[in-house]
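Colleague: Could you show me how to read the features of a fold, one at a time? I would like the general idea and then the case at hand.

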Amino acid sequence: MGKQLQGKKIVVLGGSSGMGLATAQAAAEEGGQVIIASRSKDKLAQAKDRAGGNLETYSLDVTDEKAMQQFFESIGQFDHLVSTAAGGPTGKFLDLDTSEAKKTFAAKYWGQYFAAKYGAPYIRENGSITFCTGILSQKPAAGTSILSTINGGIESLMKALAIELSPIRVNTVSPGIIDTPLYSKMSDKEREQYFNSVANATPVHRIGKPEDIAQAFLFLMTNEFTTGTVLKVDGGYTLADL
Ligand SMILES: NC(=O)c1ccc[n+]([C@@H]2O[C@H](COP(=O)([O-])OP(=O)(O)OC[C@H]3O[C@@H](n4cnc5c(N)ncnc54)[C@H](OP(=O)(O)O)[C@@H]3O)[C@@H](O)[C@H]2O)c1
């Protein structure tokens, strides 16, 4: 079988780290011409090194609407859009300042909204948009209200856009707990304890790897009969007693 993404151009927003980087690498290995974008020039350069120079990089802040519009104008036509860019404060509902909650919303909700709005006009026939949400929309925990809200909002936006932007296919991957630099703010000990507790409680008895999620993004890019779907890749987290 030939490479699945030969001749295709793929944009990965948030592609300099974690599951975005794993997806960019997997897409490049499948023959795709891959563009990654995020804010930090250092992270972009490291990602390019890790991929053996096989990625094009752009410095871009997904919260900047004008910059997002200009980014898509400058890259022109492409095939598949993946969006994993996110970040920002979270915390207990009553303690988290609204201004902090809005920063998280700006990156993960509005960033993906702008991506679809300004990217869709350039997506070629048989192309796709794949958002990234997370299991907190289905299984929230104390201290996660802002991410639960954003994930639920993006999952609804995804279904609406699967209808409105048709024939572009629009889906979302909903990851479980995945070992990425997202957890670098925790101490090694805290992280190990957290990962062990989740692994012990979930049916697959392990934490996810970025490559587990990259496979899901690749599936949604290449399966031309899937749209309007939340693809949960969580090792059974949402079934677990956590
Ligand atoms: N890891 C998990 O357990 C988990 C679970 C469920 C859902 N998720 C979701 O999965 C997605 C990917 O997370 P990850 O774990 O792979 O995180 P990660 O390793 O921290 O990667 C996040 C990426 O987003 C970029 N980014 C952040 N803010 C940005 C902005 N304003 N503009 C442009 N790029 C921005 C970062 O690069 P720069 O800093 O250079 O901008 C980085 O490349 C996120 O939506 C996250 O909420 C993660």
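**Reading the fold**

Modeller: Let's start with α7, where Pro210, Asp212, Ile213, Ala214, Ala216, Phe217, Leu218, Leu220 and Met221 are buried. Buried means under 20% relative accessible area, exposed over 50% and partly exposed in between, with a 1.4 Å probe and protein chains only. Helices (H or I, at least four residues) and strands (E, at least two) are DSSP runs, numbered from the N terminus. This is a predicted model, in which local features need pLDDT of at least 70 and side-chain atom pairs count only at pLDDT 80 or more, while totals for chains, interfaces and linings use all residues. Residues are numbered from 1 along each chain as its sequence is written, and side-chain values use heavy atoms, leaving out hydrogens and water.

Colleague: What covers the buried residues of α7?

Modeller: Look for contacts, meaning heavy atoms within 4.5 Å. For α7, the cover includes β1, α1, β4, β5, β6 and β7.

Colleague: Is α1 enclosed or open to the outside?

Modeller: Helix α1 is largely enclosed by the rest of the structure, because eleven of its twelve residues are buried. Among them are Gly18, Met19, Leu21, Ala24 and Ala28. After α1 comes Gly31, which has a positive phi, near 95°.

Colleague: Now the sheet: what is the order of its strands?

Modeller: Strands pair if DSSP finds at least two bridges between them. Here seven strands form an open sheet in the order β3-β2-β1-β4-β5-β6-β7, with parallel pairing. At its edges are β3 (55–59) and β7, each pairing on one side only. Axes are lines fitted to C-alpha atoms, for helices over the stretch in contact, and angles run from 0 to 180 degrees between N-to-C directions. With direction ignored, neighbouring strands of this sheet are turned by 20° against each other on average. Helix α1 packs on the sheet, touching β1, β2, β3, β4, β5 and β6, and its direction makes about 165° with that of β2. Helix α5 lies across β5, β6 and β7, running at about 160° to β6.

Colleague: Which residues have the most contacts inside the largest nonpolar core?

Modeller: A nonpolar core is a set of buried Ala, Val, Leu, Ile, Met, Phe, Trp, Tyr and Cys residues joined through side-chain atoms within 4.5 Å. The largest one has 34 residues, and Leu13 and Phe72 have the most contacts inside it. Among the elements that each supply at least two residues are β1 (9–13), α3 (65–75) and α4 (98–119). The largest share, seven residues, comes from α5. Apart from this core lies another of 27 residues, including Val12, Ala22, Ile213 and Met221.

Colleague: How do α3 and α4 cross?

Modeller: A crossing is left-handed if the near helix is turned anticlockwise from the far one by less than a right angle, and right-handed if clockwise. The crossing of α3 and α4 is right-handed; their axes come within 9 Å and cross at roughly 35°. Glu65, Met68, Gln69 and Phe72 of α3 meet Gly111, Phe114, Ala115, Tyr118 and Gly119 of α4.

Colleague: Last, the loops: where is Gly52?

Modeller: Gly52 sits in the loop between α2 (41–50) and β3, and it counts as exposed because its relative accessibility is 66%. Ser40, in the loop between β2 and α2, counts as partly exposed at 26%.
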